[in-house]
Amino acid sequence: MMMKDGISPGDVKQGELGDCWLLGAFLCLATNPDLLRNLIYHDGIQSGYAVFRFFKNVEWTFVVIDTRIPYSPTSKEPLYAKCTDNQEFWVPLIEKAYAKLHKKYEFLNGGKMGEGMVDITGGVSEKYNLKAPETKEMLENGTFWKMIKSYLKQGFLVGCANA
């Protein structure tokens with residue numbers, strides 16, 4: 001099943017692929033299940049396929065995938081991203097659809113979380129460098145954290161990456 005008992009950031013586990021930037025975007029998205037459900041256009045998992053939509057190149061693009069997930073014959077687990085509950089498949093299926101959008105899984109190695117957030121929400125991304133002088137000043141006087149709290153209160157997705 002796509003989702004067994006709801007969605008939470010704790011569902012997301014990285015596999016052998018270097019796409020932590022994308023999985024970070026999934027983690028953020030999981031804090032707002034309605035936004036995540038908007039990404040799933042059709043859950044045909046019982047029929048062997050699913051349809052997802054991504055906001056790529058300034059337009060919504062639909063991606064149809066089969067539900068077969070690459071797995072390790074030794075561990076009998078998905079090779080790439082997976083859900084912590086092995087009966088849920090929303091994480092590996094969205095990752096597979098995003099990989100198809102980019103032609104293959106290997107093209108997901110390395111990226112920017114902000115780009116992933118835009119692609120999976122259709123929103124905009126804003127980036128702050130915590131070491132930049134203008135941000136440092138905001139950190140010291142407390143306005144940065146007030147701004148972040150305000151963003152969260154307004155329903156914005158907020159993520160953090162170490163680039």
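**Close-up 1. Asn 57 in the loop between β3 and β4.** Asn 57 has its place in the loop that runs between β3 (49–56) and β4; helices (H or I, at least four residues) and strands (E, at least two) are DSSP runs, numbered from the N terminus. This is a predicted model, in which local features need pLDDT of at least 70 and side-chain atom pairs count only at pLDDT 80 or more, while totals for chains, interfaces and linings use all residues. Residues are numbered from 1 along each chain as its sequence is written, and side-chain values use heavy atoms, with hydrogens and water left out. Take a look at the backbone here: phi of Asn 57 is near 55°, a positive value in a residue other than glycine. Most residues other than glycine have a negative phi. With a relative accessible area of 68%, Asn 57 is exposed (buried means under 20% relative accessible area, exposed over 50%, partly exposed in between; 1.4 Å probe, protein chains only).

Close-up 2. Lys 76 counts as exposed, at 60% relative accessibility.

Close-up 3. The structure holds 5 salt bridges, a salt bridge being a side-chain nitrogen of Lys or Arg within 4 Å of a carboxyl oxygen of Asp or Glu. Side chains of opposite charge can pair when their charged atoms come close. Asp 66 forms one with Arg 68, where the closest N and O atoms are 3.0 Å apart. Arg 68 is exposed at 64% relative accessibility, and Asp 66 is partly exposed at 29%. Asp 66 also pairs with Lys 96 in a salt bridge, the closest N and O atoms being 2.5 Å apart. Asp 66 lies in strand β4 and Lys 96 in helix α3 (residues 90–101), so this pair ties together parts that are 30 residues apart in sequence. Lys 96 counts as buried, at 15% relative accessibility.

Close-up 4. Lys 82 is buried at 14% relative accessibility, whereas Glu 77 is partly exposed at 37%. As for the network, salt bridges that share partners join Asp 66, Arg 68 and Lys 96 into one.

**Close-up 5. A nonpolar patch on the surface.** Tyr 41, Trp 60 and Phe 62 make up this patch, with about 340 Å² of accessible area together. Patches are made of residues with over 30% relative accessible area and no salt bridge, with like charges joined within 9 Å and nonpolar side chains (Val, Leu, Ile, Met, Phe, Trp, Tyr) within 5 Å; accessible areas come from the Shrake-Rupley method with a 1.4 Å probe, and for residues only the protein chains shown count as cover. Trp 60 belongs to strand β4 (residues 59–66) and is partly exposed, at 32% relative accessibility.
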